[in-house]
Amino acid sequence: MSVWAIVAAGGRGDRLGLDRPKAFAALRGRPLLAESLERLDRSDWVEAIVVAAPEGWKEPTVLLAEELGCGKVSACVTGGPTRAESVRLALAEVPDDAAVTIVHDAARPLLTDEVVGRVLEPLGEGWDGAVPGLPVADTVKRVRGDAVVETVSRDDLVAVQTPQAFVASVLRQASAGDVAGASDCAALVERAGGRIKVVPGDPRLRKVTDASDLELLASWL
């Protein structure tokens, strides 16, 4: 099975307050992006990698992959104005004969091969895609302005992570249309009528949004 990985690394990371994109924030003295690239490059599941780089940072991304010795990095594209558009641009570099496409956010650097295996397994069972998810622990309330209008049951809610795996042709078709408002690739496949399975996620796949997240993840390395 030919598995290609897309690393979505185009986020600006405004909340980090840095002079560089989030993917190049320092994690233990290295760019955040380095963790995802190395881990995917080492994975026996992954054949090749395409990176959607931040605008103006394509060359540094290519140089980083070369410095890390990540030989599976096949292409690097400049990402679009949204995550979904960045993934669509990266998909153009994935060959038509690829069986599966994995999409992973560089903002979740502590990727494990176990999670990659978990999201790939359902594709062999007839699912169009699979996502890792964790049960929602906090009480969730729907608000309008400052007013609570509803307390939402947590029973059927999960917090979804990446990597997300898809039958490559299904993701390509789902990404070809209107991608506005899609917060992840699974939303596009769902919108197109695809079947998505949730598999157990990993608490270590924490998304970096501010400096405290970087500090916590650094302590886990």
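Predicted model: local features only at pLDDT ≥ 70, side-chain atom pairs only at ≥ 80, totals over all residues.
Visitor: How many helices and strands does the protein chain have?

Guide: Seven helices and twelve strands.

Visitor: And how compact is the chain for 221 residues?

Guide: The radius of gyration is 17 Å, close to the 17 Å from the globule rule, so the chain is as compact as a globular protein of that length. The C-alpha trace spans about 50 × 40 × 30 Å along its principal axes.

Visitor: What about contacts between residues at least 6 apart in sequence: what share of them join residues at least 24 apart?

Guide: The share is 71%.

Visitor: Let's take one element. Which residues of helix 4 are buried?

Guide: Helix 4 covers residues 113–120, and its buried residues are V115, V116, G117, V119 and L120.

Visitor: Which strands cover those buried residues?

Guide: The cover includes strand 1 (3–8), strand 6 (100–105) and strand 7 (129–135). It also includes strand 11 (164–167) and strand 12 (196–200).

Visitor: Which residues make the nonpolar surface patch?

Guide: V158, V160 and V198 make a nonpolar patch of about 200 Å². V158 lies in strand 10, which runs over residues 158–160.

Visitor: Why does V158 count as partly exposed?

Guide: Because its relative accessibility is 41%, and partly exposed means between the 20% limit for buried and the 50% limit for exposed.

Visitor: Switching to cysteines. How many disulfides are there?

Guide: The count comes to zero. C70 is in no disulfide, and the nearest cysteine sulfur, that of C76, is 12 Å away. The cut-off for a disulfide is 2.5 Å between the sulfur atoms.

Visitor: How far is C185 from the nearest cysteine sulfur?

Guide: For C185 the nearest cysteine sulfur is again that of C76, at 17 Å, and C185 is in no disulfide.

Visitor: Are C70 and C185 buried or exposed?

Guide: C70 is buried, at 7% relative accessibility. C185 is buried too, with a relative accessible area of 1%.

Visitor: Charges next. How many salt bridges does the whole structure have?

Guide: A search finds ten. One of them joins the side chains of D14 and R12, with N to O at 3.1 Å. D14 is exposed because its relative accessible area is 55%, and R12 is exposed with 63%.

Visitor: What does D19 pair with?

Guide: D19 forms a salt bridge with R20, where the closest N and O atoms are 3.2 Å apart. D19 counts as exposed at 69% relative accessibility, whereas R20 is partly exposed at 38%.

Visitor: Which residues are linked with R30 in a network?

Guide: E35, E38 and R39 are linked with R30 in a network of salt bridges.

Key: Residues numbered from 1 in each chain as written. Heavy atoms only, no water. Patch = residues over 30% accessible without salt bridge, like charges linked within 9 Å, V, L, I, M, F, W, Y side chains within 5 Å. Areas by Shrake-Rupley, 256 points an atom, 1.4 Å probe, with all protein chains shown as cover. Salt bridge = Lys/Arg side-chain N within 4 Å of Asp/Glu carboxyl O. Helix = DSSP H or I, 4+ residues; strand = E, 2+ residues; numbered from the N terminus. Buried < 20%, exposed > 50% of the residue type's maximum accessible area, 1.4 Å probe, protein only. Rg over C-alpha atoms; globule rule 2.2 N^0.38 Å. Contact = heavy atoms within 4.5 Å.
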